[in-house]
Amino acid sequence: MNRHSSALSASRIDTLNGCSWIYWCKYKLRLPDTSNDGASRGTICHLVLELLGSKKHKAKYDLVLRENSIFACPPLKRLALYHAKRLSVDDDENLDLIDSMTVNGLRYDFFGADDHAPAKSVSEEAFDIEVSNDKYSYRIRGFIDKLFLYKENSYALIRDFKSSKQVFKGKKVTDNMQDLMYSLAVSHLYPEYNNRQSEFLFLKFDLSKDMFNTPGNGVLRMEPISGEELSGFQYELTEYQTKIDNFDEDDAHSHFAGGQGYPSDGSFGGPLMCGKDGYKISRGKPVLDGNGEPIKAYICAFRKPFAYYALINKDGKVLKTSFEKDKEDLIKIQEPDQEIKLMEYHGCPYWTPSEHLDLFD
């Protein structure tokens, strides 16, 4: 059986559906991406949550909950500060958010044993699954943040931590790609657990349970996905696999976010994905941060032109890219028959002038 050239993931498919040009930039050109503070904070939260999922770190977990801070534990403090500095989110405001969000996630039934202990608990369950038969042909890959398996009712609880500033809206609630992907993965990994359910924890929101054991608005537990739904999803994945394996520059121009309508369900899509230049405005005035400085508005990482460095092999294939500040990372992995070349990206064709016929130098 030949392996597919590209593995499908929920984020990869969501990117493709959202904007064909962003997909081209991220997955085909491998352009460097300017991660925002929210994504960087989420990376650090996930690192700490993964570490504390191990039983051997139970003492660290207890210390954090007792002191209500990950920075009360010296090893966790060093880990968080190292990555916060690396990702440029080591200011007080970002560190406070990293701390509070992580503790929030730790306090919500972190070991899945509030009702009764699971038969198995896994932090960061990795999967790479390929299916090829007379009905389906696809390859899926990803990581499940927390997986709890309960022998009673053959129940699998799939948990994913979210550091986003909004809870899911619209289609993300009723037809969630990550929910489908993870449920399908668990059906392959643990087929005996045929009662599967996903749970999303939004770390910036209330996760605490009330006197009736009802969690706060930061907990979204999805409806279980039936075997029939998963069967239909596998046909859908087969179509996505064909499209992604054959994706070219013509496809990249086929579905610009900027050319779509604004979503009617309150979700993030269409021109909202493009963002805008400048600063956040409220009632005609710039929005200021804690230091009194204007806060920049969101703008797509691939909307405007920029220069970058690419590590290229002898066949001309781009292996990895970086901005100037991270060029040293390319030098460290460069082999004798590879070169590092300064490249120029001319911006998204939907927004840049038509005279830019050559998109890449």
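Reply: Helix α1 (residues 10-18) packs against helix α2 (residues 20-28) at an angle of about 135°, and their axes are 6 Å apart. Here an axis is a line fitted to C-alpha atoms, for helices over the stretch in contact, and angles between N-to-C directions run from 0 to 180 degrees. The helices (H or I, at least four residues) and strands (E, at least two) are DSSP runs, numbered from the N terminus. α1 and α2 are therefore oblique to each other, since under 35 degrees counts as roughly parallel, over 145 as roughly antiparallel, 65 to 115 as roughly perpendicular and the rest as oblique.

Before going further, please keep in mind that this is a predicted model, where local features need pLDDT of at least 70 and side-chain atom pairs count only at pLDDT 80 or more, while totals for chains, interfaces and linings use all residues. Residues are numbered from 1 along each chain as its sequence is written, and side-chain values use heavy atoms, with hydrogens and water left out.

Back at the helix pair, α1 contributes Ser-11, Arg-12, Thr-15 and Leu-16, which meet Ser-20, Ile-22, Tyr-23, Lys-26 and Tyr-27 of α2; contact means heavy atoms within 4.5 Å. Sorted by class, this contact has 4 nonpolar, 3 polar and 2 charged residues. In that scheme Ala, Val, Leu, Ile, Met, Phe, Trp, Tyr, Cys and Pro count as nonpolar, Asp, Glu, Lys and Arg as charged, and the others, Gly among them, as polar.

With 3% relative accessibility, Cys-73 counts as buried; buried means under 20% relative accessible area, exposed over 50%, and partly exposed in between (1.4 Å probe, protein chains only). Setting aside residues up to four places away in sequence, Cys-73 touches Lys-60, Leu-63 and Val-64. Its C-alpha atom is 9.9 Å from that of Asp-62, 11 residues apart along the chain.

Now to the sheets. Five strands form an open sheet with mixed pairing, in the order β1-β2-β3-β4-β5; two strands pair if DSSP finds at least two bridges between them. At the edges stand β1 (120-132) and β5 (219-221), each with a single partner strand, so one side of each has no neighbour in the sheet. Neighbouring strands of this sheet are turned by 35° against each other on average, direction ignored. Within the sheet, β3 (155-162) runs parallel to β4 (residues 195-202), and 8 bridges join them. Tyr-155 stands opposite Asn-195 in β4. Ser-163 lies in the loop between β3 and α7 (171-174), and at 17% relative accessibility Ser-163 counts as buried. Beyond its neighbours within four places in sequence, Ser-163 is in contact with Gly-38, Gly-42, Met-101 and Lys-204.

What about charge pairs? The whole structure holds 10 salt bridges, each being a side-chain nitrogen of Lys or Arg within 4 Å of a carboxyl oxygen of Asp or Glu. One of them joins Arg-159 to Asp-109 at 3.9 Å, N to O. Arg-159 is in strand β3 and Asp-109 in the loop between α6 (92-107) and β1, so this pair ties together parts 50 residues apart in sequence. Arg-159 is buried, at 0% relative accessible area, and Asp-109 is buried too, at 12%.

Arg-159 also forms a salt bridge with Glu-199, whose closest N and O atoms are 2.8 Å apart. This pair links strand β3 with strand β4, 40 residues apart. Glu-199 has 1% relative accessibility and counts as buried. Through shared partners, salt bridges join Asp-109, Arg-159, Glu-199 and Arg-221 into one network.

Another salt bridge connects Lys-209 and Asp-114, with the closest N and O atoms 3.3 Å apart. It links Lys-209, in the loop between β4 and β5, with Asp-114, in the loop between α6 and β1, 95 residues apart. Lys-209 is partly exposed at 32%, and Asp-114 is partly exposed at 48%.

Strand β8 (residues 306-312) and β9 pair in the antiparallel sense over 4 bridges, with Ala-310 opposite Thr-321 in β9.
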